[in-house]
Amino acid sequence: MEKNKKPRAKRNEITREKIIDSAFVELKENGWLHWNARRIAARAGCSTMPIFRLFENMDEVKQAVISRALKVYEEYIYGGMREEKPYKGTGRAFIRFAKEQPWLFKALCVSEEFTGRSFAAIDPTIGSVMREAQKAGDLQGERLKRLHACMTIFVYGAGVMSASGSHLVPSDEMCDTLMSDVFLALKAYYQIPPAPSATPSATPGETPNKTNANQPQEQNEEGERKK
């Protein structure tokens with residue numbers, strides 16, 4: 001066992017950056033269920049003492065790791081925006097992030113257990129993605145929000161299946177085709193102008209408008225007075 005044991009690093013070799021690196025890799029490779037100071041220290045080649053000497057507590061380490069994970073996520077999304085169709089590119093990038101970085105995806109986007117917040121509250125790309133959605137969909141306001149919400153449901157579903165290794169995940173080509181189909185259908189639907197509100201007309205058995213109903217009676221009374 002001694003041969004496999006990782007040698008301890010010297011005190012001056014243990015820095016905040018080294019601890020953050022080790023904590024990030026631990027999350028990336030093994031998830032957060034057993035993410036703790038002991039496992040991070042073992043990966044960094046030290047005891048747990050340097051962690052609590054360099055950081056106030058484990059929550060400070062966690063926040064640093066979350067920031068690092070979000071930067072990785074940003075690289076995927078902004079990379080997608082450089083494609084010919086930026087909005088579609090962000091969808092591809094989201095699914096690719098889930099497939100290639102499953103534990104980071106689960107920690108950030110699926111569960112609030114690690115971050116303590118919903119992904120919508122910490123997503124650093126949401127403003128840029130919504131601007132691309134507006135350009136691609138040629139929509140604004142509530143219709144834009146609804147289109148993006150529907151597309152989010154699609155890419156989230158594909159992302160979760162990819163991160164879990166489900167055999168139901170379609171090929172990249174098929175997923176790309178389906179994403180286009182969904183987007184074009186939603187765009188066509190939300191671009192249809194709302195039907196103009198028609199003035200309701202009286203139907204059989206319905207009481208006529210009060211003004212119209214009284215008009216003949218008023219005319220008769222006027223005629224009687226003239227006589």
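Guide: Welcome! Rings of Phe, Tyr and Trp (its six-membered ring) pair if their centres lie within 6.5 Å; planes under 30 degrees apart count as stacked, over 60 as edge-to-face and the rest as tilted. By this rule there are 12 aromatic pairs. This is a predicted model, where local features need pLDDT of at least 70 and side-chain atom pairs count only at pLDDT 80 or more, while totals for chains, interfaces and linings use all residues. Residues are numbered from 1 along each chain as its sequence is written, and side-chain values use heavy atoms, leaving out hydrogens and water.

Visitor: Why is the aromatic pair of Y87 and F183 called tilted?

Guide: The centres are 5.9 Å apart and the planes make 55°, so the pair falls between the stacked and edge-to-face cut-offs and is tilted.

Visitor: Why does Y189 count as exposed?

Guide: Exposed means over 50% relative accessible area, buried under 20%, and partly exposed in between (1.4 Å probe, protein chains only). Y189 is at 53%, so it counts as exposed.

Visitor: And how do you know that Y190 is buried?

Guide: Its relative accessible area is 8%, so Y190 is buried. Y87 and F183 are both buried too.

Visitor: What makes you say that the charged end of K106 sits over the ring of W103?

Guide: The rule asks for NZ of Lys or CZ of Arg within 6 Å of the ring centre and within 35 degrees of the ring normal. For K106 the distance to the centre of the W103 ring is 4.6 Å. Likewise, the charged end of K62 sits over the F114 ring, 5.2 Å from its centre.
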